[in-house]
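User: Could we go through this model together? I would like to start with the aromatic residues and then move on.

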Amino acid sequence: MSLESDLQDLLEAICPRVFADFAQLKTAKPYVTWQQIGGRAVTFVDNLVPSKENAYVQINVWSTTRSEAKTIAKQIESAMTTTTAFQARPVSAVVSDSDSDLHIYSTRQDFDCWANR
């Protein structure tokens with residue numbers, strides 16, 4: 001398994017609509033998007049390929065209510081920190097946002113993840 005597939009499975013267990021990068025405009029809410037926003041490059045002096053990889057992952061929750069977005073975000077944070085599929089630690093607390101034109105609430109949170117390569 002890869003970090004991406006393990007992450008997708010973990011998120012789908014919480015919310016059935018999960019998308020890498022972005023969702024289509026009229027996707028039913030709630031839904032989750034995620035993307036890799038960087039990570040630490042691992043290199044060795046002896047030029048061996050490392051067995052682990054690092055990724056900074058941002059996870060976004062989109063909903064019609066702030067309460068639902070925050071509840072799902074907290075479930076994701078718990079699942080991310082307790083999974084055995086990979087190691088993940090929050091880099092920041094949940095950030096809440098909204099868009100009054102689209103009538104949508106969102107949260108985002110960044111995680112520092114380590115997984116088998």
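This is a predicted model: local features need pLDDT of at least 70, side-chain atom pairs count only at pLDDT 80 or more; totals for chains, interfaces and linings use all residues.

User: How many aromatic pairs does the structure hold?

Analyst: It holds two. Rings of Phe, Tyr and Trp (its six-membered ring) pair if their centres lie within 6.5 Å; planes under 30 degrees apart are stacked, over 60 edge-to-face, and the rest tilted. Phe19 and Tyr31 make an edge-to-face pair, at 6.2 Å centre to centre and 80 degrees between the planes.

User: Which strands does that pair tie together?

Analyst: Phe19 lies in strand β1 (residues 18–20) and Tyr31 in strand β2 (residues 31–38), so the pair links parts that are twelve residues apart in sequence. Strands here are DSSP runs (E, at least two residues), numbered from the N terminus.

User: And the other pair: what is the geometry of Tyr31 and Trp62?

Analyst: The ring centres of Tyr31 and Trp62 are 6.1 Å apart with planes at 25 degrees, so this pair is stacked. Trp62 belongs to strand β3 (residues 52–63) and Tyr31 to β2, so the pair ties together parts 31 residues apart in sequence. Phe19, Tyr31 and Trp62 form one aromatic cluster.

User: Is Tyr31 buried or exposed?

Analyst: Tyr31 is buried, at 9% relative accessible area. Phe19 is partly exposed at 26%, and Trp62 is partly exposed at 25%. Buried means under 20% relative accessible area, exposed over 50%, and partly exposed in between (1.4 Å probe, protein chains only).

User: On to the strands. How do β2 and β3 pair?

Analyst: β2 and β3 are antiparallel, over seven bridges; two strands pair if DSSP finds at least two bridges between them. Gln36 stands opposite Val57 in β3. β3 also pairs in the antiparallel sense with strand β6 (residues 104–116), over twelve bridges.

User: What is the bridge partner of Val61 in β6?

Analyst: The partner is Thr107. Thr107 is buried, at 4% relative accessibility. Its contacts (heavy atoms within 4.5 Å), not counting residues up to four places away in sequence, include Ile59, Ala69, Lys70, Ala73 and Val94.

User: Which residues line the largest pocket?

Analyst: Among them are Lys29, Tyr31, Trp62, Asp97, Asp99 and Ile104. β5 (95–99) and β6 are the elements that give two or more residues to this lining, and β5 gives the most, with three. A pocket is an open set of points on a 1 Å grid over the protein atoms alone, where a 1.4 Å probe fits, with protein on both sides within 12 Å along at least five of seven lines; lining residues have an atom within 4 Å of a point.

User: Is His103 buried or exposed?

Analyst: His103 is exposed, at 61% relative accessibility.

Methods
Residues are numbered from 1 along each chain as its sequence is written. Side-chain values use heavy atoms; hydrogens and water are left out. Helices (H or I, at least four residues) and strands (E, at least two) are DSSP runs, numbered from the N terminus.
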